[in-house]
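Could you walk me through this structure, stop by stop? I have it open in a viewer and would like to know what to select next.

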Amino acid sequence: AKSELLYPDENLVRLLARALLVSGNSGRAAELLRQQVGASPLDCESWSWLAWVELHRNEPAAAGQALQAPGGPGSQQEASRWALLEAMVRRAAGDPGGAAAALARVGDRSVMWPEDAGMRAALERLRDPAWQQALRASAELALGGTSNAFAGSPTDTAEQGEESLLARLNAAASLRAPRHGAVTPLVEATVRGHGIAADAARDLSYLELAGRLGAELRLGRTTAVLTYRRDALHLNQDHSLYSEGQRAELELELPGGLVVLAGGGHRDFQDPWRTRRELDAGVAGTLRAGGLPVTLALAGRSFDAQMPVYDQRGGTFTAVTSTSLGGAWRARLGLTVAIDDYPHSGGWEGLVAFGSDEKRHDTLARLSLGALRRLGNGLQLGITYEHARRWSSIEEGFQGSFSYREHRLLASLRFDLDANPWRRGRTADDHVRLDHGLGGLAGGFGEERVRDLVRQDEDLRGDCGCSPH
């Protein structure tokens, strides 16, 4: 026999169940929902709510029974939710194959409620750590100051010691097609800007524009990304185009999170002597040291220039770690050591290129210490101190010294967006959101994949073939 309805509006039942869950009374929420589906057996959405509450209570068997409701899903949104809940039930029962089969019924173009997109992302990430949303974008604006505005200039200047205010912009977006099979096309765009306020160094402000077009290949548990990249670097000068590059790039993410990167191509410079062929490769991975996750990257590079004096061979080691400071704050520490050799420097060509007939060798060390705070809605606040020092064999050339020391302090605001633009369906005005809280499992603060860190992190990016300069 049917139970008698306690409330005439089924949405009111779900609102009350949600309030009971928030207050920690999951048992009462389950009892309320059982009364609702007993009185209205074809209320499929309440059946899915009951299944979720039973999972929340660590009762996967009862959740599985709820998903055997007589009416079954009555809409595309409900069908997607039921498949996701079935995946959770089977996962809890120790059936990864069944969980993967249920999850496979929900794809990029499936119709689902917005909160269930977060549930799907969490389950996909648990099944495959290499999984990511179709659209990923980030933008970071940093303001601060430096003790040496010439340090790290893309023109490799030997000038020194101009204090200045700084502004820095990093923005990136990537979009991949809906997944169908092992090959998925993708496109990416990045913008990097560096503004210097001091008059003496303002012409070294730069804007780098880059784009990548390629495909992601799923080879079992290994993910390969093959792309063609084109970029242009513009300086704040009358002839602004300083360099332009075309490269082929490969990224391999192996089981366990180890990432291998390689790239090569041709780069034209405003100064034809510098025009070169590039080849670089690197490896990055994460381990735990003293309970902290530490991302390590090791890379090598070989540049063959039009004039051999600019030929360059080098390697870089980078370590980055972070730890919670309590609340929404995290501390972040980064260390980079780079060694570069110019094997054909010296002689009269060295006098022209570097202002000295001595062989050039450089060693760079950079330490960064930051505090980051997640503000919610994809926003992150950061305060970072950086200290860099370069030792060069050319200390007294007529162009100046290629050794330098720099202190830099920056305050930054970052916005991150992960979304699926291919998801179809609209949410009715009277839809009651199921706050399952699983969205955070799709990529939490401090839990990014190694490949994401390599591409996004200022310390790691330039050392693994991801930046041409």
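Begin by selecting residues 10–22, helix α1, together with residues 44–56, helix α3. In this predicted model, their axes come within 11 Å and cross at roughly 10°. Angles under 35 degrees count as roughly parallel, so α1 is roughly parallel to α3.

Now show the side chains where these two helices meet. On the α1 side, pick R14, A17, R18 and L21; on the α3 side, pick E45, S46, W49, W52, V53 and H56. Colour this contact by class and you will find 5 nonpolar, 2 polar and 3 charged residues.

Next, move along to residues 76–92, helix α5, and residues 96–103, helix α6. The axes of α5 and α6 come within 8 Å and cross at roughly 170°. Angles over 145 degrees count as roughly antiparallel, so that is how α5 lies against α6.

Select L333, L335, V337, I339, L367 and L369, which make a nonpolar patch of about 490 Å². Two elements each give two or more residues to this patch: β11 (329–342) and β12 (360–376). Strand β11 supplies the largest share, with 4 residues.

Note on methods:
Residues numbered from 1 in each chain as written. Predicted model: local features only at pLDDT ≥ 70, side-chain atom pairs only at ≥ 80, totals over all residues. Heavy atoms only, no water. Axes fitted to C-alpha atoms, helices over the stretch in contact; angles between N-to-C directions. Parallel < 35°, antiparallel > 145°, perpendicular 65-115°, else oblique. Contact = heavy atoms within 4.5 Å. Nonpolar A, V, L, I, M, F, W, Y, C, P; charged D, E, K, R; others polar. Patch = residues over 30% accessible without salt bridge, like charges linked within 9 Å, V, L, I, M, F, W, Y side chains within 5 Å. Areas by Shrake-Rupley, 256 points an atom, 1.4 Å probe, with all protein chains shown as cover. Salt bridge = Lys/Arg side-chain N within 4 Å of Asp/Glu carboxyl O.
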